[in-house]
Amino acid sequence: MKRLEYSVSELIAIVLSRDLRDGEIGMLGAYSEIPQASIRLAQLTHAPNLSCIYGASGGYNKKGPLCHYVGEYGNLMGAEAVFPLDTILDLVSKRMDFFFAGGFQVDQYGNLNLVCAGSYGKPSLRGPGTAGLAISCSIFKRFYIYLQSHRKQSLVPKVDFVSGAGFVHGFNTRLEQGIPEGGPRLLITPLGVFDFDPDSKRMRLKSLNPGTALDEVIENTGFELMIPDRIPETLPPKEEELRILREDVDPLGFLR
Amino acid sequence: MNRRGKLTTLEEAGHLIQDGMILAIGGYLNNNHPMALVREIVRRNIKHLYLVTCIAAGIEADLLIGAGCVDTIQAPFVGGEWLGFMPNFRKKAERGEIKIKEIDEHHTLCSLRAAAFDLPFLPTRVGLGTDLLQVNKDLKVFNDPIRGETLVAVPPIKPDVAILHAQRADAYGNVQHRGSVFLDHLMAQAANKVIVMVEEVVPLEVILADPKKTTIPSYIVDAVVRVPYGAHPCSSHGCYKLDEVYYREYLNAAKNEETYRTHLDHYIFNVSSHEEYLEKIGIKRLLGLSMN
């Protein structure tokens with residue numbers, strides 16, 4: 001079989017899309033070309049009854065090619081409905097299935113930070129804010145974290161500011177804080193796919209992306225990962241997945 | 001007696017905004033911000049504002065912060081999406097030169113709804129397990145008296161003035177958005193005074209022909225200002241796209257105080273009208289952004 005060429009963004013979109021199930025409802029935030037692509041790809045392959053709300057423009061089940069800016073008018077064209085943002089936050093409160101999150105820091109329990117690095121009063125870096133992570137990480141039944149680089153500086157033992165709660169301090173601490181059941185399901189980076197141990201809720205390696213060595217993951221992660229005895233390779237994109245992604249979902253090539 | 005029209009000028013509308021006010025600004029991220037009024041506020045050197053933004057703020061907040069108009073901002077997000085960080089917000093936050101009322105999206109919604117309903121607070125689960133509760137003492141954890149759950153109380157924030165940008169309105173203040181309404185309608189419900197900038201003022205008959213499109217009713221609108229291209233450099237939904245060229249120029253200028261000051265002089269202080277501002281951007285670029 002010939003070896004397919006694909007970008008890291010395309011791989012992440014395809015891996016995410018495979019985990020979305022038919023009949024579910026999800027939501028997207030800003031900076032969301034990759035998740036947008038994963039949802040469209042899932043809808044066009046195994047999940048025709050998957051629905052999605054664009055949290056920024058308010059569009060529902062938008063068709064057509066990816067848009068660069070999530071809040072732009074183009075993201076309403078080809079939508080089945082358009083909602084004001086308060087209606088969307090009300091809909092979120094009904095516990096939708098999934099959301100996609102990022103952050104400049106992610107820790108071993110899947111807590112996320114987009115507010116600040118260093119101390120809150122005197123930050124070395126001020127980020128944009130919680131950006132909806134507080135609501136999304138707590139109310140959705142599950143969320144996916146994706147990072148476009150895998151570095152020690154972003155995968156830290158403990159985030160400097162919890163803007164979105166993952167499994168808090170592990171074990172049952174999420175529920176003990178009054179946060180509804182849920183939490184992060186997967187983390188996907190250019191190096192691999194990670195999930196969380198069902199008991200301790202610590203992050204563990206699930207699969208290595210094609211071409212990645214285990215040492216590379218360990219060296220670039222700022223905490224001790226749980227490593228299984230047998231480590232599979234992330235299933236690479238199939239020819240059909242790449243074709244639909246490029247021809248129907250992302251004809252303008254934002255992910256290439 | 002005749003029904004009262006509310007058409008006014010940018011300059012007169014600007015006088016409704018005073019030092020120390022709580023100011024809500026409509027739009028979202030890079031879209032539908034009432035930028036011509038924001039520039040008017042900078043030009044008039046209004047100080048000590050408490051800024052209330054949509055769930056994602058962008059250049060409208062950054063410009064006011066950079067020009068020294070803002071003491072406090074409550075915003076779950078200040079950024080430019082793919083355009084990058086908003087430079088003045090970031091710089092002043094890192095230096096401790098601006099107060100940030102740290103909140104999440106649902107807190108924005110609760111605080112505006114509580115103001116619109118005149119309630120002491122609205123409850124939410126959002127914030128539990130995060131550090132928001134450590135740094136924002138206005139968010140108070142309590143036990144709810146009905147089910148005994150741990151919840152967060154969000155107090156109201158009542159804007160003195162809300163400034164919004166939509167695509168059209170009649171002279172009485174019936175407003176119609178062509179694309180997303182974002183949180184404009186809720187800001188209008190919560191605020192004491194509401195100023196709406198529009199691309200186009202239409203006769204009442206146009207509104208009557210399509211009443212389902214009305215997003216804000218006239219009785220809560222105090223002033224309507226016709227400002228074509230008034231959201232520039234942001235997009236105005238369905239009318240024009242965001243101006244990436246201007247954004248890059250702005251982000252570059254904000255790298256140091258001197259170049260930022262030159263930028264403000266060029267586009268705001270040395271400009272006497274919105275038309276003169278548009279002349280500086282140029283017809284070619286404006287037409288290039290047009291979606292009509």
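This is a predicted model: local features need pLDDT of at least 70, side-chain atom pairs count only at pLDDT 80 or more; totals for chains, interfaces and linings use all residues.
Close-up 1. Pro156(B) belongs to the loop between β7 and β8 (161–169) of chain B. Apart from neighbours within four places in sequence, Pro156(B) is in contact with Ser111(B), Ala114(B), Ala115(B) and Leu119(B). Between the C-alpha atoms of Pro156(B) and Gln167(B), which are eleven residues apart along the chain, the separation is 29 Å.

**Close-up 2. The open sheet β5-β7-β6 of chain B.** Three strands make up this sheet, and their pairing is antiparallel. The strands β5 (122–124) and β6 (140–143) of chain B stand at the edges; each has a single partner strand, so one side of each lacks a neighbour in the sheet. On average, neighbouring strands of this sheet are turned by 45° against each other, direction ignored.

**Close-up 3. Pairing of β5(B) with β7(B), and the helix across them.** Three bridges link β5(B) to β7 (residues 150–154) of chain B in the antiparallel sense. Opposite Thr124(B) stands Val152(B) in β7(B). Helix α5 (residues 105–117) of chain B lies across β5 and β7 of chain B and runs at about 165° to β5(B).

**Close-up 4. Met187(B) in the largest nonpolar core.** This core has 156 residues, and Leu23(B), Leu64(B), Met187(B) and Val196(B) have the most contacts inside it. At least three of the core residues come from each of domain 1 (10–102 + 158–233 + 242–289) and domain 2 (105–154) of chain B. Not counting residues up to four places away in sequence, Met187(B) touches Ala24(B), Gly26(B), Leu112(B), Pro159(B), Ala162(B) and Leu164(B).

Terms used. Residues are numbered from 1 along each chain as its sequence is written. Chains are lettered from A and ligands numbered from 1 in the order in which they are written. Two strands pair if DSSP finds at least two bridges between them. Helices (H or I, at least four residues) and strands (E, at least two) are DSSP runs, numbered from the N terminus. Axes are lines fitted to C-alpha atoms, for helices over the stretch in contact, and angles run from 0 to 180 degrees between N-to-C directions. Two residues are in contact if their C-beta atoms, placed from the backbone, lie within 7 Å. A nonpolar core is a set of buried Ala, Val, Leu, Ile, Met, Phe, Trp, Tyr and Cys residues joined through C-beta atoms within 7 Å. A residue is buried if 20 or more other C-beta atoms lie within 10 Å of its own, exposed if 12 or fewer, and partly exposed in between; C-beta atoms are placed from the backbone. Domain bounds come from an automatic or database domain assignment.
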